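Colleague: I am new to this structure and would like to learn how to read it. Could you take me through it feature by feature?

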Amino acid sequence: MNGKEIVSKLDFILQWIYRLVVLNVVWIFFSVLGLFVAGIFPSTAAMLSVARKWMLGEHEIKIFQTFKKTYRQEFATANILGWVLTMTGVILYFNYQLMKNSVSAFSIVTPFAFYLMVFFYMILLIWAFPMLVHYKATWKQHIKNAIIVGLSKIHYTFMCGLAIYSILYLSLSYPGIIPFFTISTLGIGVMWVTLRVFHKMDQGLKVKSL
């Protein structure tokens, strides 16, 4: 490996470090700007939108401007979708507490039904926001399509879940990287997996339309 190749590879690595740090910081900034309550979900949609463009080869986009545009465009839909998922998670948590503290005649059926609901909920968490930034639809359609795609492409769902778990585990092991890399790296990991499914779906739709 000659000197030019080393410089080229080092430049490539530094560019990606810069992109990830900027995207992570911008996500934090816009989340705080919306006081988290109204900012975290459109910020997440905007972060995934930027990650999507990178995965599609658009490496030279202006991160802040692209982020801000998507943040505004998806503000309402992202908040509705995000709070529906949040409230669903809260309900599941309270159901878990009730189930844990009560003795029921349906002691076998109830846990099975509960964990089945948790499984569907995890599918929604993985697929809903990537679908939001890739397809134009209502939040209800995103939820329905997330379940359908997550189940029909279950191996990709597990792959995405493993990527999320690995990134979160590493981040919690080294908390110093959280403000700079965790969110943006999650976005890259999630979009890298989900775009492979979306690409196949889009190709299938094109073939059917011919």
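Colleague: Which hand does the crossing of H2 and H5 have?

Modeller: The crossing of H2 and H5 is right-handed. By definition, a crossing is left-handed if the near helix is turned anticlockwise from the far one by less than a right angle, and right-handed if clockwise. The model here is a predicted one, in which local features need pLDDT of at least 70 and side-chain atom pairs count only at pLDDT 80 or more, while totals for chains, interfaces and linings use all residues. Residues are numbered from 1 along each chain as its sequence is written, and side-chain values use heavy atoms, with hydrogens and water left out.

Colleague: What is the angle between H2 and H5, and how far apart are their axes?

Modeller: Two packed helices are described by the angle between their axes and the distance between the axes. Helix H2 covers residues 40-55 and helix H5 residues 109-134; they pack at about 65°, and their axes are 9 Å apart. Axes are lines fitted to C-alpha atoms, for helices over the stretch in contact, with angles from 0 to 180 degrees between N-to-C directions. The helices themselves (H or I, at least four residues) and strands (E, at least two) are DSSP runs, numbered from the N terminus.

Colleague: Which residues of H2 and H5 meet?

Modeller: Contact means heavy atoms within 4.5 Å. On the H2 side are Phe-41, Thr-44, Ala-45, Leu-48, Ser-49 and Arg-52, and they meet Phe-129, Pro-130, Leu-132, Val-133 and His-134 of H5. Sorted by class, this contact of H2 with H5 has seven nonpolar, three polar and one charged residues. Here Ala, Val, Leu, Ile, Met, Phe, Trp, Tyr, Cys and Pro count as nonpolar, Asp, Glu, Lys and Arg as charged, and the others, Gly among them, as polar.

Colleague: How many aromatic pairs does the structure hold?

Modeller: A pair of aromatic rings is described by the distance of the centres and the angle of the planes. The structure holds 15 such pairs. Rings of Phe, Tyr and Trp (its six-membered ring) pair if their centres lie within 6.5 Å; planes under 30 degrees apart count as stacked, over 60 as edge-to-face and the rest as tilted. Take Phe-30 and Phe-67: their ring centres are 5.0 Å apart and their planes stand at 35°, so the pair is tilted. Phe-30 belongs to helix H1 (residues 3-33) and Phe-67 to helix H3 (residues 63-73), so the pair ties together parts that are 37 residues apart in sequence.

Colleague: Are Phe-30 and Phe-67 buried or exposed?

Modeller: Buried means under 20% relative accessible area, exposed over 50%, and partly exposed in between (1.4 Å probe, protein chains only). Phe-30 is buried at 4%, and Phe-67 is buried at 0%. For another pair, look at Tyr-165 and Tyr-169: the ring centres lie 6.1 Å apart with planes at 25°, so the pair is stacked. Tyr-165 and Tyr-169 are four residues apart in helix H7 (residues 154-173), about one helical turn. Tyr-165 is exposed at 56%, as is Tyr-169 at 53%.

Colleague: Which residues form one aromatic cluster?

Modeller: Phe-29, Phe-30, Phe-64, Phe-67, Tyr-71 and Phe-75 form one.

Colleague: Where does the charged end of Arg-19 sit?

Modeller: A charge sits over a ring if NZ of Lys or CZ of Arg is within 6 Å of the ring centre and within 35 degrees of the ring normal. The charged end of Arg-19 sits over the ring of Trp-16, 4.8 Å from its centre. Arg-196 lies over the face of Trp-192, at 3.8 Å from the ring centre.

Colleague: What is the phi of Leu-35?

Modeller: Leu-35 is not a glycine, yet its phi is positive, about 55°. Leu-35 lies in the loop between H1 and H2 and is exposed at 66%. Phe-36 lies in the loop between H1 and H2, and its phi is also positive, near 65°. Phe-36 is partly exposed at 42%.

Colleague: How many helices and strands are in the protein chain?

Modeller: The protein chain has eight helices and zero strands. Of its 210 residues, 36% are buried.
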